[in-house]
Amino acid sequence: MSEKYDVIVIGGGPSGASAAKSLAEAQIRVLVIDKDDFPREKLCGGGLTANAKRAIKKIFKNVEFISREEKELHILNYSDDRFSPYITYSWKRPIIEVVDRFNFDDALLKEAINTGAKFEKDRITEIKINRDEEFELISKDRIYTSDYLIVACGTFGTKLFREKDLISPNYSIIYQTSADNVSRGNAISFFDEGFFWKFDAESYSKIGIGKYPPYLSYESAKKILSNYSSEEIKVAPIPVFNLRYSNEINKSIPGCLFVGDSGGFVNNWTGEGISYAMDSGDFAARAILKHYSDPERINQNFLDRLYKMASHLQIAEAFRKIFYKDMNRSLEILGEKKFAKLFISFLSNYHTSTKKLKFRSFFIGGVKSYGSEKIK
Ligand SMILES: Cc1cc2nc3c(=O)[nH]c(=O)nc-3n(C[C@H](O)[C@H](O)[C@H](O)COP(=O)(O)OP(=O)(O)OC[C@H]3O[C@@H](n4cnc5c(N)ncnc54)[C@H](O)[C@@H]3O)c2cc1C
């Protein structure tokens, strides 16, 4: 006997929890299925931008979680497998706020459950569409059925439709370790088509490195990360945003929407994914609510809602390309206050064109940038 829901969300991370929260708020019978019990570990720097904070406030309103705020962000210079102080941005608000995904994801999912979403710990192994056009989600021991489906289970979510042979997003590999004895202060750097970060959690720092495909080998990552820590280096995939993929996949099955990493919604320049996961989850819920009795219109409505976010992700991809063309010149630009304002504006909201981004960055107040001598 299968269990029937209005909507099933596969995955209880930020994208799935956001979708479930918005659906439960509208009294929809929604089930979240995750292969892990929460709280669960998730490899991530846990860096929240001002844009992520905006998404949290919009979707979860009163959720409480522990974070470590810092109003400064150090930009580091890379040479000989090491990163050294270069320039520091300082803002009146935190530029990056750091959370532990173990607690953060649990807080979001709890909020969705408290609003009325149901939760099951189970690993879905296959999704089928039955003769009544319902989604059938198959696990080892059970079958779950729903009218609508939100796939929020990470980079390889499309693979669950085994019979359909859907493509997955192009992806890269990123490496992360932790250390409790490095100097404090959130820092990022860019190098050779890649990015580096050191984000401070309460009592330790998370240090990671990633590169646009072809991805960095484990040996190269180890060579760099072992300068900071001898702790284990963990590895995880991260999707590479491609507008065509995200559009096509979200048109392919009426009533089924791919959100967060499953939809490929990650910033190719900075590696940020949490804000895009939350917004895409919420947009999917809203598209289903808007056209509940007309599955054919749900997918297009979702794509319409994604427009601003997708434009922003395309700007990120354009920046990535320009930025790595001449790294020395790009580093010089990073040192300018004008650019500090532009970068903070870029991290704070979605922009549909570089012109608008530039214009809005004039109004970002309270930004300072100063040179390496100010970094301890
Ligand atoms: C090393 C690393 C560092 C990062 N650092 C940052 C950062 O600092 N800031 C930032 O904004 N982004 C960062 N990102 C990106 C960010 O982590 C992701 O974009 C974000 O977690 C996507 O959320 P999601 O809900 O789509 O997926 P996830 O958070 O991955 O959640 C997916 C859930 O689906 C479940 N699941 C998977 N398969 C199944 C199945 N078959 N059945 C049932 N459940 C299943 C999983 O258990 C998991 O709980 C980082 C990524 C990596 C890899």
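Mentor: The ligand is surrounded by 36 residues, and the closest are G11, G13, G45, G260 and G273. Helices here are DSSP runs of H or I with at least four residues, strands are runs of E with at least two, and both are numbered from the N terminus. The largest share, three residues, comes from α1. By type, the shell divides into 14 nonpolar, 14 polar and eight charged residues. Nonpolar means Ala, Val, Leu, Ile, Met, Phe, Trp, Tyr, Cys and Pro; charged means Asp, Glu, Lys and Arg; the others, Gly among them, are polar.

A word on the source. This is a predicted model: local features need pLDDT of at least 70, side-chain atom pairs count only at pLDDT 80 or more, and totals for chains, interfaces and linings use all residues. Residues are numbered from 1 along each chain as its sequence is written.

Now follow β12 and β16 into their sheet. This open sheet has eight strands in the order β16-β12-β15-β14-β13-β5-β6-β18, with mixed pairing. Two strands pair if DSSP finds at least two bridges between them. The edges are β16 and β18 (368-371), each pairing on one side only. Direction ignored, neighbouring strands are turned by 25 degrees against each other on average. β12 pairs with β15 (residues 205-211) in the antiparallel sense, over six bridges. Within β15, G208 is the bridge partner of Q176. Helix α4 (residues 218-225) packs on the sheet and touches β12, β15 and β16; its direction makes about 145 degrees with that of β15. Such angles run from 0 to 180 degrees between N-to-C directions, with axes fitted to C-alpha atoms, for helices over the stretch in contact.

Back to α7, which holds S275. S275 is buried because 25 other C-beta atoms lie within 10 Å. The cut-offs are 20 or more for buried, 12 or fewer for exposed, and partly exposed in between, with C-beta atoms placed from the backbone. Leaving out residues up to four places away in sequence, S275 touches T49, N51, A52 and A55. Contact means C-beta atoms, placed from the backbone, within 7 Å. A52 is 223 residues from S275 along the chain, yet their C-alpha atoms are separated by 4.2 Å.

Methods: A residue is near a molecule or strand if its C-beta atom, placed from the backbone, lies within 6 Å of it. Two residues are in contact if their C-beta atoms, placed from the backbone, lie within 7 Å.
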